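I opened this entry to record what I looked up in the model. The notes run from the overall fold to single residues.

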Amino acid sequence: AKEPWLLVTNCPQVHSEAYGLRMWEEAAFKDFKSNGFQWQRSRVRKPAHAARLWLVMALSYLLALNLGAQTLAKKTLLKQVAQCHHE
């Protein structure tokens, strides 16, 4: 982070790296719900069906993260994305 974090806890196992992962997990959960996959609207009730749906969502999320990382790594792709975003 650009600015320091102040963590106050009574749990000695918690450190800044673990808390940083928690923030990533919350952002990912938001992607699975309201930002993208709309999990809460699936109306899936059977555990086997839910497991398959979660697997597909997790693989899709992994693919999106991978494509995003590749785009950030290649400056020409990043410029193209930025140009499309500003149009």
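I took helices (H or I, at least four residues) and strands (E, at least two) as DSSP runs, numbered from the N terminus. The model is predicted, so I noted its limits: local features need pLDDT of at least 70, side-chain atom pairs count only at pLDDT 80 or more, and totals for chains, interfaces and linings use all residues. Residues are numbered from 1 along each chain as its sequence is written, and side-chain values use heavy atoms, with hydrogens and water left out.

**Fold.** I found three helices and zero strands in the protein. The order from the N terminus is α-α-α.

**Loop residue.** I located arginine 43 in the loop between α1 and α2. Its phi is near 60°, a positive value in a residue other than glycine. Buried means under 20% relative accessible area, exposed over 50%, and partly exposed in between (1.4 Å probe, protein chains only).

**Whole chain.** I recorded that 9% of the 87 residues count as buried. The protein exposes about 7900 Å², of which carbon and sulfur atoms supply 61%; accessible areas come from the Shrake-Rupley method with a 1.4 Å probe, and for residues only the protein chains shown count as cover.

**Helix α2.** I checked the length of α2, residues 47-73. The expected span is 1.5 Å times one less than the number of residues. Its 27 residues should therefore span 39 Å, and the end C-alpha atoms are 38 Å apart, which agrees. The buried residues of α2 are Ala50, Met57, Tyr61 and Thr71.

**Core.** A nonpolar core is a set of buried Ala, Val, Leu, Ile, Met, Phe, Trp, Tyr and Cys residues joined through side-chain atoms within 4.5 Å. I listed seven residues in the largest one: Ala28, Phe32, Trp39, Val44, Ala50, Met57 and Tyr61. Helices α1 (16-35) and α2 are the elements that give two or more residues to this core, and α2 supplies the largest share, three residues.

**Tryptophan 39.** Which residues does tryptophan 39 contact, leaving aside neighbours within four places in sequence? With contact taken as heavy atoms within 4.5 Å, I noted Phe32, Lys33, Ala50, Leu53, Trp54 and Met57.
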